Every structure is written in C-alpha cells, then in structure tokens.
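Good morning, and thank you for coming. Please look at the structure as I bring it up.

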Amino acid sequence: MVLGLIGIAGYATLVGAIAVQLRRIESAGQLGAYLQLGAGFIGILTVMFPIMIFAIAAFRPERDRR
C-alpha cells in the first residue's frame, strides 16, 4: 500500500509537468492545460482513495504480532 501511494506521488508529478508544458504552448489555449490537470488529479484520486481504504482496513493494532 505504501509503494502504491509513493507511485501515485510520482504520477502526480508527471501530471503537473505535462500541464506546465501544455501551458507553455502559445498556439493552444489555457483550457487544455487546466483540463489535463483536472483530469489527471481526478485519476489520482480514483486510485488513491481505494489504496488508502485498503491500508486502513489492513491496520489492526490490537492483533498480536506472532
């Protein structure tokens, strides 16, 4: 679960970098960059929330560690 969350952080960096490069294109409008940024972060949330829920469900402090 931790590796999944670290991977999502890398994906968030990639989404941000692509949005910045899209903003630098003068012929294209700013709307494309903002749409890409929004869609990328919706995709991140779609993957991140189930990973967090599974990590919380797997954590049981009352269980013996044998």
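This is a predicted model: local features need pLDDT of at least 70, side-chain atom pairs count only at pLDDT 80 or more; totals for chains, interfaces and linings use all residues.

Helix α2 has 29 residues and reaches 42 Å from its first C-alpha to its last, close to the 42 Å expected at 1.5 Å a residue.

Which residues of α2 are buried? They are A33, G40, I44 and I51. The cover over the buried residues of α2 includes helix α1, residues 2-24.

Now consider the surface. M1, L5, L45, F49, M52, I53 and F54 make a nonpolar patch of about 680 Å². Helix α2, residues 30-58, supplies the largest share of this patch, namely five residues.

Let me now turn to the whole protein. Its secondary structure consists of two helices and zero strands. What are the dimensions of the box that the C-alpha atoms fill? Along the principal axes, the box is roughly 60 × 15 × 10 Å. The radius of gyration is 17 Å, whereas a compact globule of 66 residues would have one near 11 Å.

Of the 66 residues, 11% count as buried. The accessible surface comes to about 5,500 Å², and carbon and sulfur atoms account for 69% of that surface.

Finally, a word on contacts. Among contacts with a separation of 6 or more, 58% are between residues 24 or more positions apart.

Conventions. Residues are numbered from 1 along each chain as its sequence is written. Side-chain values use heavy atoms; hydrogens and water are left out. Patches are made of residues with over 30% relative accessible area and no salt bridge: like charges are joined within 9 Å, nonpolar side chains (Val, Leu, Ile, Met, Phe, Trp, Tyr) within 5 Å. Accessible areas come from the Shrake-Rupley method with a 1.4 Å probe; for residues, only the protein chains shown count as cover. A salt bridge is a side-chain nitrogen of Lys or Arg within 4 Å of a carboxyl oxygen of Asp or Glu. Helices (H or I, at least four residues) and strands (E, at least two) are DSSP runs, numbered from the N terminus. The expected span of a helix is 1.5 Å times one less than its number of residues. Buried means under 20% relative accessible area, exposed over 50%, partly exposed in between (1.4 Å probe, protein chains only). Contact means heavy atoms within 4.5 Å. The radius of gyration is taken over C-alpha atoms; the globule rule is 2.2 Å times the number of residues to the power 0.38.
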